Amino acid sequence: MSALPVTHTRSTCPYCGVGCGVVIEAQGGRITGVQGDPLHPANFGKLCTKGSTLHLTATAEVTRQARLLQPMQRLERGAAPVPVSWDAALDTASSEIARIVTDHGPDAVGFYLSGQLLTEDYYAFNKLAKGLLGTNNLDTNSRLCMSSAVAGYKATLGADAPPACYEDIERAHCVFIVGSNMAWAHPILFRRLEAAKAANPAMKIIVADPRRTDTASLADLFLPIAPGSDVLLFHGMLHLMLWEGWIDSDYIAAHTTGFEALKNLVRSATPERVAQECGVRVDDVLQATRWFAQSPASLSLYCQGLNQSSSGTAKNAALINLHLATGQIGKPGAGPLSLTGQPNAMGGREVGGMANLLSGHRDLANATHRAEVAALWGIPEVPAAPGKTAIEMFEAAADGQIKALWIACTNPAQSMPDQRMVQRALERAELVVVQEAFTTTETARHAHLLLPASSWGEKIGTVTNSERRISRVRAAVPAPGMARHDWQIAVELAHRLEARLRPGQRTLFPYAGPQALWEEHRSSTAGRDLDITGLSWERLEQGPQQWPMPEGASQGQARLYENGIFPTPDGKARFHSASYQPLAEPVDARYPFGLTTGRLRDQWHGMSRTGTLGRLFSHTAEPRLHMHPQDMQRRGFAEGELVQIASRRGTLMVPVQADTQLAPTRLFMAMHWGSEFLGGRAENGERLLGINALTQPAFCPTSKQPELKHTAVKVSKV
Ligand code: SF4
C-alpha cells in the first residue's frame, strides 16, 4: 500500500504582527511539520520558538482534546453545554438576536472580535453588524493592542498607515525603540536588528523602557524612563532639538503645520524637568536626541508601552512629532514604525472592523464616508451613532444596555482589564455566543451557545502584517469535526437574520468563499490611502504585497510619504500638541507599587495554543511577580515565596522573584497566565482569573485603549 502523499502549503504564522511566512507540511489530513517560508519577505525562512512549534501545538493530544468540534448549547446558566446541530444553533442565535433587536433596538447587540481573525472574517462580521443589523457596536481586541498607534498616525500623518518597512531596519543609522520588548514580542524582527547592528556597528540603538529588558541588552543607550512619562521625554527631546538647532526647518516649512504651537508647548520640557520626572540623566537625553536628530536615517520601533496607556494617542503623536521636526520620515531607514501586536490587527482596520471605522479606512463619523459604504453595500444608510468600543461595550453589557454579545476568536474574560466588570457583563447578557476553536477559554464558561471555528492550518484568506504587507493564508488540512470558518459562520447567521429582518429582499451576503469577500473589500479601497485595486487574488497567489497598490501598479509601495505629501486636506503633516498627562492611577501610600504587564518570549495571549506544549514552558515555567531585590528585602520576602498582590479591583497570589531589570517600587508580571495557573477571589468572593483581575479600565480619551501597562498595587505576605 503506498504512503499517503506529503503536501507543503505556504501560509503565515498566526501569532504576532511580524507576519512570518510558513510552509506547512501535512499528510493524511494531519499537520506533520512547519518551516519558515524562505520566499516570504517578513522572515526569509526564519521562525521564532512559537512559530517553529506550530505543528506541535496543532497536533498535541491536549490540543486535540481542547478543540471545540460541534455546536453546543447551555440550556441554563451554569449548566453543562449539550451538543446541538449547526441549524439548531444558528436558528437559536438568529431568533434571539432578532427578538432583542425588535424589543430593544439594534444597539442592544454587540460584536467583540479578534485581531487573529482573517480580513475576510472581519469583513463579513462588520457588514453584518453595520450593514444588516444597523449597529456600530462592533469592536475587537485590537482596541487593547493598536488603537493608540492608529489614532497617533491619523492625528499627525493623516492616515492609519505605518510609513516605514522592515527593510528600513537595515537602512537605519539610528534605531529608537520605545515601550517594546521586541526581543520577546517580535523576535524575528529583533534578530533582523541584531544582524543589522552586527553588519554596521556604527548603528546607534536607543531603548527607552521602564524595564531593562532583553531588548535593552542590544542598546548603545538605555533610558530607564518612569512609567507613563514618554510624552515628557519626547517633548524634552524636541526642546533640546530646538535649543541645539537640530530641527529641519526646511522640511517643517514645506511639509507640516502646527509647529509654532508645539514649540510653545515644549518650552517647559526643560532637560532638568525631564531628568527629574522621567528619571533619566540629562546627558543621556542629550545623547539620545543628538543621535536621533543628526543621524542620516532614524527609525522608531514601538509597541504597547506607548499604546496601552491613558494617554496613548499623545504618546504616539509626540514620537511622530520628532520624526517630522527632523525630516526623519519618507526616506530609506527613517520613520515611525509601530510593531503590531496581533497577526491581523491591520487587516481588521482595513475593512473598518472597529466601532469607529468603516470599510477602506473610512471614518464612521464622516457622513460622506458613511454614504460611500452604504452605496457599496446597497443599503439606504450606515447608522451614524458611534459604536461602543471594547471597554464601553462590556460596561454597557454589565449595565444591561447591551443584551446580546457575540464573541469570536478572543477571550475577554481573561484578556480585558477589570475582570470583575467583564464577568458581570457576561453574566448579565441575555445571549452570549462564543465562536471559538477551543473549549478551554474562560469566556467559553459563560456562553449560551458555543460555535466551533476552524483554526491555523485550516483557514483560507488574507492577513496584513506590521509593514502593510498582505499575505495569503492557506489551508493545509480540513477543519476538524463540525468546525466551520469564521466568515462562513457570519454569513450563515446573516442569511438567517435577513430572513427574519428583511424577508424577500436581495441578500447582502452573496459570498461563496473568502475570495468573494476579498474582492468586495478590494473594490472598497479605490482612491483610499490603502488602495489595492491593482492587487488581484491571482497576483496575491504569487506572493505577498504591500499596500497601497492601485490599479496599474506593478508592485506595492515599500515606504510612504517619500514625496512629502500627506493624506490630509492640505497635503501637510500636522504636529500634535498634547500636554503631558500623568498616569490614570498613580501610586500612593495605600497602593505603593506600579505594576506593569507584558509578554513572555514563548507564550501567546491566553495560552490556548502555546499552553498545550511542554517545551514552551522551558523558558518560563510558571507565573511570577517580578520585584526589585531591595523591595523584597525591605518586606522580608524570600525568593519564590507566595505573596498577595492587591489593586483596587482584585487580588492574586503568586510567587515572587527578584529582578534587577526593574527599578524599586516597580513590578512586572506576564499577561498570559490564566485560571489553571492563577486564582483569587474578589472582595465579594467572586472567582477571579489572571493578572487582569487587577488591571484598570481607564482608557485614552481619543483611542479608547486601556492603560494595561500600569496599575497601582500593594504586595503583602500571604
Ligand atoms: Fe510567528 Fe511572530 Fe515568531 Fe514570526 S516572529 S514566527 S510571526 S510569533
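These are my notebook entries on a few spots I looked up in this structure, which is a predicted model.

**Entry 1: around the ligand**

I began with the ligand and asked which residues surround it. I found 14 of them, and the closest are Cys-13, Cys-16, Cys-20, Cys-48 and Gly-51. Next I sorted the shell by residue type: 9 are nonpolar, 4 are polar and 1 is charged.

**Entry 2: the annotated stretch**

I checked the UniProt record, an unreviewed entry, and it marks residues 6-62 as "domain: 4Fe-4S Mo/W bis-MGD-type". In the model, that stretch is 21% helix and 37% strand. Its end C-alpha atoms sit 24 Å apart.

**Entry 3: a three-stranded sheet**

Then I looked at an open sheet with 3 strands, in the order β1-β2-β3, where the pairing is antiparallel. Why does one side of β1 (6-12) and of β3 (30-36) lack a neighbour in the sheet? Both stand at the edges and each has a single partner strand, so one side stays without a neighbour. From one strand to the next, the twist averages 25°.

I zoomed in on β1 and β2 (residues 21-27), which pair in the antiparallel sense over 7 bridges. Here Arg-10 is opposite Val-23 of β2.

**Entry 4**

I moved on to β26 (residues 651-658) and noted two pairings. β25 (residues 642-646) pairs with β26 in the antiparallel sense, over 5 bridges, and a hairpin of 4 residues joins β25 to β26. Across that pair, Val-643 faces Val-654 in β26. β24 (residues 625-627) runs parallel to β26, with 3 bridges between them. His-626 has Gln-657 of β26 as its bridge partner.

**Entry 5: β27**

Is β27 (residues 666-670) mostly covered or mostly open? It's mostly covered, with 4 of its 5 residues buried. I counted a residue as buried when 20 or more other C-beta atoms lie within 10 Å of its own.

β27 also has pairings I wanted to write down. β23 (residues 593-598) runs parallel to β27, and 5 bridges join them; Gly-598 is the bridge partner of Ala-670 there. β24 runs antiparallel to β27, with 2 bridges, and His-626 stands opposite Phe-668.

Technical notes. Residues numbered from 1 in each chain as written. Predicted model: local features only at pLDDT ≥ 70, side-chain atom pairs only at ≥ 80, totals over all residues. Near = placed C-beta within 6 Å. Nonpolar A, V, L, I, M, F, W, Y, C, P; charged D, E, K, R; others polar. UniProt positions renumbered as here; feature names shortened; annotations may be inferred. Pairing = 2+ DSSP bridges. Axes fitted to C-alpha atoms, helices over the stretch in contact; angles between N-to-C directions. Buried ≥ 20, exposed ≤ 12 C-beta atoms within 10 Å, placed from the backbone.
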